[in-house]
Structure formats: structure tokens, C-alpha cells
Amino acid sequence: MKTNKFISFLKKPAVVLGIAATAMLGACENKGEDILDPILPEPDGQALNESFTEQLNERKETFAFDVAEGGSWSSKSGTSTLSIPAEGLVDANGEPVTGSVDVTFIEIFGRADMLLGNKPTMGQMGDGTRATLISGGEFYIEVKQDGEAVFMKENMGYQLQVKTDSLDMDMRIFGNANEDCETADCDVVWEEEKNRGLEAVGQGADGTGGGQHAGTYYAFLNDFGWTNLDKWYSSDLPKTTVFVDVPEGYDDTNCAVYLSYDGEPAALARFDTYFPEDELFSEHYGMMPIGIDVHFIVVSIVDDEYHYAIQSATTTEDHVEVVDALMPTTESELTQLINDLP
């Protein structure tokens with residue numbers, strides 16, 4: 001922790017400090033007023049947030065359809081199919097929409113895409129605490145006409161089909177509980193929506209859709225915006241609170257700190273709390289299982305270049321993960337590093 005580092009510095013032997021002071025004094029006498037403090041590169045929080053938005057923009061797919069006929073469309077990956085019924089849209093005043101409308105669609109699978117787009121799988125429970133989710137896919141759907149948002153008619157819905165090779169009957173639909181989140185790049189708070197239906201249908205010989213047998217999720221939705229197909233991450237191990245100590249100069253304004261769970265490639269937690277007095281990140285709800293294998297990931301941008309740290313650990317009680325430095329990398333290298341995590 002930085003506090004301990006500072007105390008350790010103050011406890012250094014006087015002779016060492018004396019030598020250092022003498023050396024500094026001699027340097028000042030030799031250089032006079034020409035001495036300038038070195039200008040070190042600083043992490044750029046604005047650039048990091050802009051990178052999140054850019055990543056989401058690169059994933060946007062668009063199509064148009066006539067409201068009178070309805071629309072059915074599949075993503076470029078072939079994984080997702082969106083079906084909106086005919087004459088099912090209204091404007092902000094509840095009046096029927098006619099003519100052509102424009103649809104924007106984003107699909108996110110896997111830890112690297114979640115991290116680079118800043119869409120971790122943190123769900124909000126009924127009591128307001130947050131815990132990790134395991135995702136079957138994150139999706140953003142926006143429908144507009146002449147730049148103005150349109151909506152589904154009351155008591156009408158649309159369908160999202162998602163193909164999967166790891167069908168899980170425990171998956172549920174999570175929406176965005178953040179009412180201030182109206183764009184693709186906003187901060188999403190995932191919350192289970194028990195009034196929306198999800199069917200998981202296996203198409204393999206064993207009917208499960210697992211392993212080599214493909215299956216499909218059928219999500220029945222009535223709101224546009226962000227949707228996540230999830231289940232709660234579960235562990236019977238005792239729980240604790242985990243902290244992350246990032247290098248000097250980094251804080252919650254210029255870096256993001258995440259946690260990946262070994263063996264769960266569709267789960268990514270973000271440390272959403274920062275304690276400035278201790279200079280520590282935390283998930284602060286005390287929901288982290290003790291004794292599991294994880295990887296801590298810190299990401300920032302310095303001089304228009306991604307910087308990162310990835311550290312493996314086994315969680316302990318009151319775990320404090322100390323990150324000493326971040327290293328420069330490219331987007332493609334960072335993507336590969338994250339995708340290669342166990």
C-alpha cells in the first residue's frame with residue numbers, strides 16, 4: 001500500500017538521507033537555476049474514456065426497415081438475430097410511427113471486448129450491492145427515425161435470438177438500471193428484469209445444447225437500450241473484500257481496474273470504488289470468494305498508447321494486490337493477452 005511505502009521511506013537510515021541530501025546540494029551548486037524536474041508522461045483519463053467510446057463505435061452495425069412490414073436482421077457474425085414486429089413502434093408522445101426507421105446494434109462476447117468497451121459483468125442485487133455475472137452476451141439496440149428515438153408499443157415486444165455453443169438453462173435477462181444511461185457508451189448497471197422472458201433451446205441430440213451441440217437463447221424484450229443475458233457467479237467459499245494498489249500517479253480518473261476469474265471467460269468484474277485517502281481501488285461489497293484463482297488487470301492510456309498490467313493471484317482474506325508498474329502495448333496485443341487468460 002502507498003501509505004506503507006511512504007512510512008518505509010521516512011524510516012530510511014539518516015546516513016542514507018544525508019548522502020542523498022549532500023548529492024542533491026552538490027548538483028544544485030553545479031547547475032544553479034538550470035535544473036528542471038523531469039517531465040514524465042501522465043496517464044490520460046480523457047483519452048481512456050474516448051477509447052471506450054471508440055471501441056463501441058467500431059462494433060456498431062446498422063440496418064433500416066419499414067415499420068409497416070417489420071424487420072428481421074442478423075449480425076455480421078451470424079450469432080444474433082433481431083426481429084421487430086410490423087407496426088409495433090411509437091414516438092415519444094405515444095403516436096404510431098410510419099415509414100422507415102434506423103436500427104443500431106452492438107454485440108459483445110468475451111472478456112477482451114467487455115474490457116475495451118468498458119462493459120464489465122457487474123450486476124446489482126435487490127439490496128443495492130453488486131456481484132459478478134457470467135454473461136451469455138451483451139447487446140445494445142437503438143431504433144431512431146430522423147435522429148429521434150422511437151419505442152415499442154405498450155404490450156408489444158420484439159425478439160432477440162442468440163446462438164451459443166455453451167447453452168445454460170440458468171441464464172436470465174438483465175437490463176440497465178441506470179436511468180441516466182441513454183447512449184451506448186454510458187455506465188451500465190446490470191439488473192435482472194424478471195418480467196422479461198428468456199428461453200434456452202438446445203438443438204443437439206441430447207437436447208442440452210452443450211459442448212458440440214449448438215443451442216439458441218430466445219429473449220423476448222420490450223425496451224431498447226442495453227440487454228445482457230446472464231446468470232449470477234456463485235461460490236460457496238467464504239467471502240472477503242479485495243483492494244488494488246495501483247502505481248503512483250494512477251487513480252480513478254485515469255485508469256480502470258478489472259478482475260477476471262480463471263475458468264470463466266465470460267465474466268469480468270470492475271473495481272468500481274476508489275478510496276483517495278488510501279489510494280486504493282476496491283469492489284467494497286465483500287463479495288469476493290477467498291481462495292480462487294484470478295487475474296487483476298489495470299488499463300490506462302499514456303501518450304496515446306495503451307498501458308497495462310496483468311497479474312495472477314489467489315485471493316486471500318482482505319486481499320491487497322500491489323501493482324508496481326504498467327507497460328506499453330498495442331490494442332491487438334492487449335486483446336490477445338486478455339483472450340489468452342485462463
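# Exercises on a predicted model

Ser100 lies in strand 5; strands (E, at least two residues) and helices (H or I, at least four residues) are DSSP runs numbered from the N terminus. The model is predicted: local features need pLDDT of at least 70, side-chain atom pairs count only at pLDDT 80 or more, and totals for chains, interfaces and linings use all residues. Residues are numbered from 1 along each chain as its sequence is written, and side-chain values use heavy atoms, with hydrogens and water left out.

## Exercise 1

Classify Ser100 by its accessible area and list its contacts outside its sequence neighbourhood.

Step 1. Take the cut-offs: buried is under 20% relative accessible area, exposed is over 50%, and partly exposed is in between (1.4 Å probe, protein chains only).

Step 2. Ser100 has a relative accessible area of 44%, so this residue is partly exposed.

Step 3. A contact means heavy atoms within 4.5 Å. With neighbours within four places in sequence set aside, Ser100 is in contact with Ala64, Phe65, Asp66 and Gln145.

Step 4. Val67 is 33 residues from Ser100 in sequence, and their C-alpha atoms are 6.1 Å apart.

## Exercise 2

Describe the largest nonpolar core and the contacts of Ile106.

Step 1. A nonpolar core is a set of buried Ala, Val, Leu, Ile, Met, Phe, Trp, Tyr and Cys residues joined through side-chain atoms within 4.5 Å.

Step 2. The largest such core has 30 residues, and those touching the most other members are Ile106, Leu115, Trp226, Tyr258, Val299 and Leu334.

Step 3. Elements that each supply at least two residues of this core include helix 3 (45–59), strand 5 (100–108), strand 7 (130–145) and helix 5 (331–339).

Step 4. A second, separate core has 27 residues, among them Phe65, Val103, Ala219 and Leu229.

Step 5. Not counting residues up to four places away in sequence, Ile106 touches Leu56, Arg59, Lys60, Glu138, Phe139, Tyr140, Ala184 and Trp226.

## Exercise 3

Step 1. A disulfide is a pair of cysteine sulfur atoms within 2.5 Å. The structure holds 1 disulfide.

## Exercise 4

Step 2. Among contacts between residues at least 6 apart in sequence, 71% join residues at least 24 apart.
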